[in-house]
Amino acid sequence: MVNQARSQFVPACGALTVDDRLTRAAQKHSSDMAAQDYFSHTSKDDRTFADRIRAEGYPRPGGENIAQGQRSAKAVMDAWMKSDGHRENILRCGFKTIGVGVDTNDFYWTQNFGF
């Protein structure tokens, strides 16, 4: 869905490729938020998205989108595309990679982007 949006709104940017390191960081953050009952880009141990991404071995963190409560990928993408900051991350041409995680305990979503 992210690549579909990029193709529609910024076709010259090209598609993002999935990176396992970004996916691991995203999944761990979604699961951590669910397990510790918080919603923030900053983990309870004060790590930022860039800290979490680098910890998984990815050298060039770019950005992060988070959401909570949407029960489908379509619903969360619709919400992100209606939010200026989230939409900007999805459509940012400089980003080349993506990883996505979801924890279905209250549906915590994370998208991580890399350069």
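1. Basis of the note. The model is predicted, with local features requiring pLDDT of at least 70 and side-chain atom pairs counting only at pLDDT 80 or more, while totals for chains, interfaces and linings use all residues. Residues are numbered from 1 along each chain as its sequence is written, and side-chain values use heavy atoms, with hydrogens and water left out.

2. The sheet. Four strands form an open sheet in the order S1-S3-S4-S2, with mixed pairing. S1 and strand S2 (61–68) are the edge strands, each pairing on one side only. Helices (H or I, at least four residues) and strands (E, at least two) are DSSP runs numbered from the N terminus, and two strands pair if DSSP finds at least two bridges between them.

3. Strand S3 and its partners. Strand S1 (residues 17–18) pairs with S3 in the parallel sense over two bridges, and Thr17 stands opposite Thr97 in S3. S3 and strand S4 (residues 108–114) run antiparallel and are joined by seven bridges. Strand S3 (residues 97–103) is mostly covered, with five of its seven residues buried; buried means under 20% relative accessible area, exposed over 50%, and partly exposed in between (1.4 Å probe, protein chains only).

4. The hairpin. Four residues lie between the strands in the hairpin of S3 and S4, where Asp106 takes a positive phi near 70 degrees. Asp103 has Tyr108 as its bridge partner in S4.

5. Tyr108. Why does Tyr108 count as buried? Tyr108 counts as buried because its relative accessibility is 4%. The residues that Tyr108 touches, not counting those up to four places away in sequence, include Met33, Tyr38, Phe39, Ala67 and Gly101; contact means heavy atoms within 4.5 Å. The C-alpha atoms of Tyr108 and Asn3 are separated by 21 Å, the two residues being 105 apart along the chain.

6. Helices H4 and H5. Helix H4 (residues 73–81) lies across S2 and S4 and runs at about 60 degrees to S4. Here axes are lines fitted to C-alpha atoms, for helices over the stretch in contact, and angles run from 0 to 180 degrees between N-to-C directions. In helix H5 (residues 84–91), the residues Asn89, Ile90 and Leu91 are buried. The buried residues of H5 pack against H1, S2, H4 and S4.

7. The largest pocket. About 200 Å³ of space lies in the largest pocket. Its lining includes Met1, Phe9, Lys74, Met77 and Arg87, and helix H1 (2–9) and H4 each supply at least two lining residues. The lining divides into five nonpolar, two polar and four charged residues. A pocket is an open set of points on a 1 Å grid over the protein atoms alone where a 1.4 Å probe fits, with protein on both sides within 12 Å along at least five of seven lines; lining residues have an atom within 4 Å of a point.

8. Ala15. Leaving aside neighbours within four places in sequence, Ala15 is in contact with Asn3, Arg6 and Lys96. Ala15 and Lys96 are 81 residues apart in sequence and 7.4 Å apart in space, C-alpha to C-alpha.

Terms used
Points joined across faces, edges and corners; volume = space filled by probe spheres on them. Nonpolar A, V, L, I, M, F, W, Y, C, P; charged D, E, K, R; others polar.
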